[in-house]
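Biologist: Can you walk me through this model? Keep it simple, please.
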2 protein chains.
Amino acid sequence: MASPSDGTTKTVTIRDVAAAADVSIGTASKALNGRGRMRVETRDRVLAAAERLGFRPNPLAQGLLAGRTYTVGLVTGDSFGRFSIPVMLGAEDALGAGQISVFMCDTRDDPIRERHYVERLLARRVEGIIVTGRRTEPRPGIGRDLPVPVVYAMTQSTDDSDVSIIPDDEGGGALAARHLMATGRTRIGHVTGPQRFEAARRRAQGMTTALASAGLSPAGEILYGQWSEEWGRQGADVLLHESPDVDAIFCGSDQIARGVAETLRERGRRVPEDVALVGFDNWEPMALGCRPPLTTVDMNLGEIGRLAARHLLDAIAGDPAPGGLTIVPASLVLRESTRRATP
Amino acid sequence: MASPSDGTTKTVTIRDVAAAADVSIGTASKALNGRGRMRVETRDRVLAAAERLGFRPNPLAQGLLAGRTYTVGLVTGDSFGRFSIPVMLGAEDALGAGQISVFMCDTRDDPIRERHYVERLLARRVEGIIVTGRRTEPRPGIGRDLPVPVVYAMTQSTDDSDVSIIPDDEGGGALAARHLMATGRTRIGHVTGPQRFEAARRRAQGMTTALASAGLSPAGEILYGQWSEEWGRQGADVLLHESPDVDAIFCGSDQIARGVAETLRERGRRVPEDVALVGFDNWEPMALGCRPPLTTVDMNLGEIGRLAARHLLDAIAGDPAPGGLTIVPASLVLRESTRRATP
DNA sequence: TCCGGATGAGAAAACCTATTCCCACGGTTT
DNA sequence: AAACCGTGGGAATAGGTTTTCTCATCCGGA
């Protein structure tokens, strides 16, 4: 415990500063905040006293008067998992710069805990709430007619009038497909997660559309399955059986891509010489540990968080964005798995 | 934005409740808090009014008066990474139950940002601070003579008088070694991270000691390298070359273990029939994606967080634990990679 | 030289919200 | 009539910010 013999440390109030500078409390406040008019000498005396005593205004008192708390709540159901963390960091980045502190709440995807936390945040008079999740599936909002603005990031409210910010799954799929075509591939397969996930469907859609506009169609069926390596291994087997001449595989996640890479290696297909491989997520431990390192789509989650925070700040400042969906473009991270074969 | 036409929602104060119930402010307060004596009818009238208006006491005012804020700060340098997240969740678990809210701060391992955040937390009058990190290497504390208690979790202060809570790396290593011996292995190698990491050294130490007390010593050298799959692949090659008769490998991380598993498979050694494999971290996407699924040491990070939170709560309540190290035992998660060969 | 108004410096008080202690005001009991 | 009890109002308090107010000085004009 870094605390000394507790009790010796009494917090310094403006009262102490005023006494030390031999002025009234009001004058001390004005001096510290640069308001009002007074002799430079007086102002300096107050500032010096504050410095000397280590005065730090109590934000509770300030907030009480101003009716502001300079805090926001961050609610996640993802247990701060792989997806919501980058979002959180981006949000904290944007908020922290504005001197706003963040209360964190993990709901463990339990609606009861969620309501409980929202209640608590409102009781604490947060000025806004960011809700993050691990899927882009629409979900019920955290409440109607809340007294503060709410932004959904990396998740989406079923209510169209809410502000939701999600990654561009479709654009990411298109990006992957166009990149593969640009490296000369034409027989491109797709192994991805469960079809019930909107993210999986949109990624597939983006890929299919991009191929179509070049007069191509996917190699074999779109293979929907699980978000796991195990499924990647199985899916690659199915694909190789159905379309033995496949020369590229776009995977719905980096985990799936790793499974696919493993099967390819075991079946004697070289990556990238025989089959190019693109993943999704840019989950670095996975993408870099892959053999070879994985070209993958990055959803720019940090940007999603930053954008969510900015929307929230605007709304708090009284300039709310119109409700609806904001889609953050994805980008492609190039690594070995799609290197063009040196001719 | 769930907020209605902003401005219509005025927060309800106890003044409004008192007016609605036609009592004084003081009486309203007493009614709401069950203090003082008054007619049941009066109390009910106040409670009904509060209910009807949706009154929620302003914690700023309560905190101002009570001199408490019911908040703590959580500072991490790990960018809320793989290690600090479970710690955080554990901490939030323990704190949330006590009606304490958590301010989160990510320092990005930058001492300047760290100091800045600590200042901010103190300005907000948090009642305590938890510092988490990604290594157990001792680090300088966040400050001396802070006015609030501090607990270091999953990291360790260089100041012995601080309270630090870390995982039992040595015990984890011993656990792995004893488990391997219990399944009949006797020639056990070790591939781990860089030697400059205390965690790597302690895990190796735990393993060596456990082997020694059974009259064994490690197969080959302890192979220090990187915390990466790539190194796992290389390390396994080295080990197989130096000690071809190795029948088990304990790895310093699950990532290393995956690399090792891959090399073993390519060299025709079956896991677990020929060589058993134990990882460290129980990082599920890695451990479950491994072929076969990985037996691994779990550091019980959540427990570390919960313990840190409880220590902090105790200190806040005026009952600080004596400074020093608390070590949380690790546990073993059994999976395929160490299954005993069916005879 | 004296008076009135303007100006400047800083003190004093109100305010924000909720809690708590003290006291006054009835009515009842001894 | 005095003591006592239940009830509920009023004020003090916490730590700031902001508005108002007072007092003194200074200047110009008479």
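Modeller: We can go through the chain contact, the salt bridges and some helix pairs.

Biologist: What should I know before we start?
Modeller: This is a predicted model, where local features need pLDDT of at least 70, side-chain atom pairs count only at pLDDT 80 or more, and totals for chains, interfaces and linings use all residues. Residues are numbered from 1 along each chain as its sequence is written, chains are lettered from A and ligands numbered from 1 in the order in which they are written, and side-chain values use heavy atoms, with hydrogens and water left out.

Biologist: How many residues does the contact take from chain B and from chain A?
Modeller: It takes 70 from chain B and 70 from chain A. Contact means heavy atoms within 4.5 Å.

Biologist: And what area is buried there?
Modeller: About 6000 Å² is buried between chain B and chain A. Carbon and sulfur atoms give 52% of that. Buried area is the accessible area (1.4 Å probe) that two parts lose on being put together, summed over both.

Biologist: How many salt bridges are there across the interface of chain B and chain A?
Modeller: The rule finds 14 there. Over all chains, the structure holds 51. A salt bridge needs a side-chain nitrogen of Lys or Arg within 4 Å of a carboxyl oxygen of Asp or Glu.

Biologist: Which residue meets A:Arg258 in a salt bridge?
Modeller: B:Glu229 does, at 2.5 Å, N to O. This pair crosses between chains, from helix H10 (residues 254-266) of chain A to helix H9 (residues 229-242) of chain B. Helices (H or I, at least four residues) are DSSP runs, numbered from the N terminus. Another salt bridge joins the side chains of A:Asp93 and B:Arg108, at 3.4 Å.

Biologist: New topic. At what angle do H1 and H3 of chain A cross?
Modeller: Roughly 125°, and their axes come within 9 Å. Axes are lines fitted to C-alpha atoms, for helices over the stretch in contact, and angles run from 0 to 180 degrees between N-to-C directions. H1(A) and H3(A) are therefore oblique. Angles under 35 degrees count as roughly parallel, over 145 as roughly antiparallel, 65 to 115 as roughly perpendicular and the rest as oblique.

Biologist: Which residues of H1(A) meet H3(A)?
Modeller: A:Asp16, A:Val17, A:Ala20 and A:Ala21. Their partners in H3(A) include A:Arg45 and A:Leu53.

Biologist: What about H7 and H8 of chain B, how do their axes cross?
Modeller: At roughly 40°, coming within 7 Å. H7(B) and H8(B) are therefore oblique too. Among the residues in contact are B:Gly173 of H7(B) and B:Gly206 of H8(B).

How values were computed
Helices (H or I, at least four residues) and strands (E, at least two) are DSSP runs, numbered from the N terminus.
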